[in-house]
Structure formats: structure tokens, C-alpha cells
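Hello,

I am passing a structure on to you, as promised.

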Amino acid sequence: MRPSGRGRGSWGASCCPVWFPLLGVAVYASMVYLNEVWSAPATFYAPVVTKFLGKLTFLTIITLYLTLIYFVFLLVASVTGHRRLNVLALQAFPVFFALNMFVTIAYYALDHFDARSMARKELAMTEGFDGIIYENIFLASHVVHMPGGVMALLMARHMHRVGNATAPVWTTTTYVTLAGVFAYIMQIHVLHLLTGAWIYPVLEHVSHALGIVGVIALEAALSVTVLGFAYCGLLLFNYWKPHKCRTE
């Protein structure tokens with residue numbers, strides 16, 4: 001039972017149907033598990049720069065775990081119907097929309113069809129890495145990158161306003177998204193200072209061609225891209241609304 005001391009203003013509104021966070025938890029828990037059993041270790045992809053954080057060096061894996069945590073939080077908020085939890089989950093939605101869309105599109109645009117990346121994965125699939133054959137390594141790459149974009153679109157479709165709240169807020173989305181991007185950029189540069197290596201080949205190429213100024217310019221452009229995805233999430237949210245929220 002819900003606490004009788006709390007008024008209807010605190011309880012009784014959900015920002016999404018309960019089935020949606022259940023689906024999200026199932027999907028992202030499966031992605032985490034399959035990444036662990038099918039994908040090669042972090043040292044296969046970047047042997048030097050991953051020695052401190054392992055797979056959490058990569059934005060894809062960070063996004064994977066953070067989104068799983070977000071869906072667990074969303075499930076709790078949806079089941080309890082607590083207003084503050086639901087408003088917080090709704091405010092966070094554009095950030096997770098942006099991260100998942102960016103990870104999906106950036107992977108297929110910059111890495112999946114790269115000749116060196118494909119050759120490296122084929123080597124792990126046929127000859128192995130550290131004595132282990134990773135026959136599902138290509139499938140693992142799809143599993144950890146493709147569903148994110150689909151789930152992001154489902155977020156925009158099935159999230160809705162909590163009561164009379166006008167959420168999410170554009171300014172909050174801007175600040176939180178840019179803060180998260182800045183934190184990851186700082187991680188990239190700290191690891192570069194510690195190891196002398198860049199996390200991603202594209203940064204290495206730009207660094208050799210244009211130096212640190214080129215790297216910063218690329219990071220600025222990618223930051224704007226991520227923020228643009230967050231705004232796209234907001235636009236889709238507003239396009240597919242209003243939906244009636246669950247009330248009691």
C-alpha cells in the first residue's frame with residue numbers, strides 16, 4: 001500500500017506504461033549479457049587505453065549500463081506512480097534518447113564498415129584472440145549498437161507528461177546533455193594523457209593530421225551532434241503527444 005500521509009499530488013501519475021520499462025530492462029540486460037559472452041575483451045579493441053577502465057572506456061558500454069539503470073529507475077517510477085520519480089525520469093529521457101541514437105548511428109557510420117575494423121574482427125573470429133575464438137563477434141557488435149536507436153524511438157513514442165507537467169524541459173536537456181558529453185570528453189583526454197593513446201581511431205587520425213586543435217574541433221562537432229539528437233527526442237516527444245497519463 002502507498003503511504004496514506006502522501007497526497008494525490010505525490011502519487012498516482014506515471015510517465016509511461018509499465019510494460020515499456022519492463023521491455024527496456026529485458027532488452028538492455030540481454031545486451032549486457034550477450035556483450036560479455038560474445039564480444040572480445042577490451043584489450044582486443046584498444047590494448048593500451050583500456051588498461052584502467054576496461055570496456056567502460058567506450059561510450060557504447062557506458063551508454064549500455066547507464067540505460068539499463070535508467071530503465072530500472074523508470075520501472076520503479078512507473079510501478080509506484082510517485083510523481084517526483086516520474087518527473088525526474090521524464091526529464092532524463094532526452095539525454096538517453098541522444099546517447100542511444102548517437103551510439104547506433106556513429107557506430108554504423110564510423111566503425112562497422114571500416115576496413116581495418118572488419119579485418120580485426122575477422123581475425124578474432126577465425127584465428128582467435130588470447131587463445132579464444134570469437135565466432136559471434138560481428139553479431140555482438142550489432143547486438144550492442146542496433147537496439148539502442150530503436151529503443152530511443154520507442155522512448156519518444158511511449159513517454160508522456162506527468163499530470164499537468166510540461167516536461168521534459170529544453171534548458172534542462174541542454175545543460176545535462178552537454179555536462180555528460182563534457183565529462184566523457186574529459187575522460188578521453190585524461191586517458192590520452194595517461195597512456196599516450198586515443199580511444200577511437202578517428203581521433204588518432206585527426207590528431208596526426210591536425211593536432212590537438214583538430215581533435216577539439218571534432219569533439220565540439222560531435223557534442224553539437226549529441227545535443228541535436230537530444231533536441232530531436234524532444235521534438236518527437238512533442239509531436240507524438242499529448243497522451244493521457246495513468247491516474248488514480
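Below are my notes on it, from the overall layout down to single residues.

Before the details, please keep in mind that this is a predicted model, in which local features need pLDDT of at least 70 and side-chain atom pairs count only at pLDDT 80 or more, while totals for chains, interfaces and linings use all residues. Residues are numbered from 1 along each chain as its sequence is written, and side-chain values use heavy atoms, with hydrogens and water left out.

The protein has eight helices and two strands (DSSP runs, numbered from the N terminus: H or I of at least four residues for helices, E of at least two for strands). From the N terminus, their order is β-α-α-α-α-α-α-α-α-β. Of the 248 residues, 44% count as buried (under 20% relative accessible area, with exposed over 50% and partly exposed in between; 1.4 Å probe, protein chains only). Looking at contacts (heavy atoms within 4.5 Å) between residues at least 6 apart in sequence, 79% join residues at least 24 apart.

The axes of α5 (residues 115-126) and α6 (residues 137-158) come within 9 Å and cross at roughly 125° (lines fitted to C-alpha atoms over the stretch in contact, with angles from 0 to 180 degrees between N-to-C directions). That makes α5 oblique to α6 (angles under 35 degrees are roughly parallel, over 145 roughly antiparallel, 65 to 115 roughly perpendicular, and the rest oblique). On the α5 side the contact is made by M118, K121, E122, A124 and M125, and on the α6 side by I137, F138 and S141.

Now to two buried residues. V32 lies in helix α1 (residues 19-38) and counts as buried because its relative accessibility is 13%. Leaving out residues up to four places away in sequence, V32 touches L64, Y65 and L68. V32 and L68 are 36 residues apart in sequence, yet their C-alpha atoms are 8.6 Å apart.

H189 belongs to helix α7 (residues 170-195), and its 18% relative accessibility is why H189 counts as buried. With the sequence neighbours up to four places away set aside, H189 touches W198, I212, V215 and E219.

And what about F52: buried, partly exposed or exposed? At 47% relative accessibility, F52 counts as partly exposed. F52 sits in the loop between α2 (42-45) and α3 (59-80).

Best wishes
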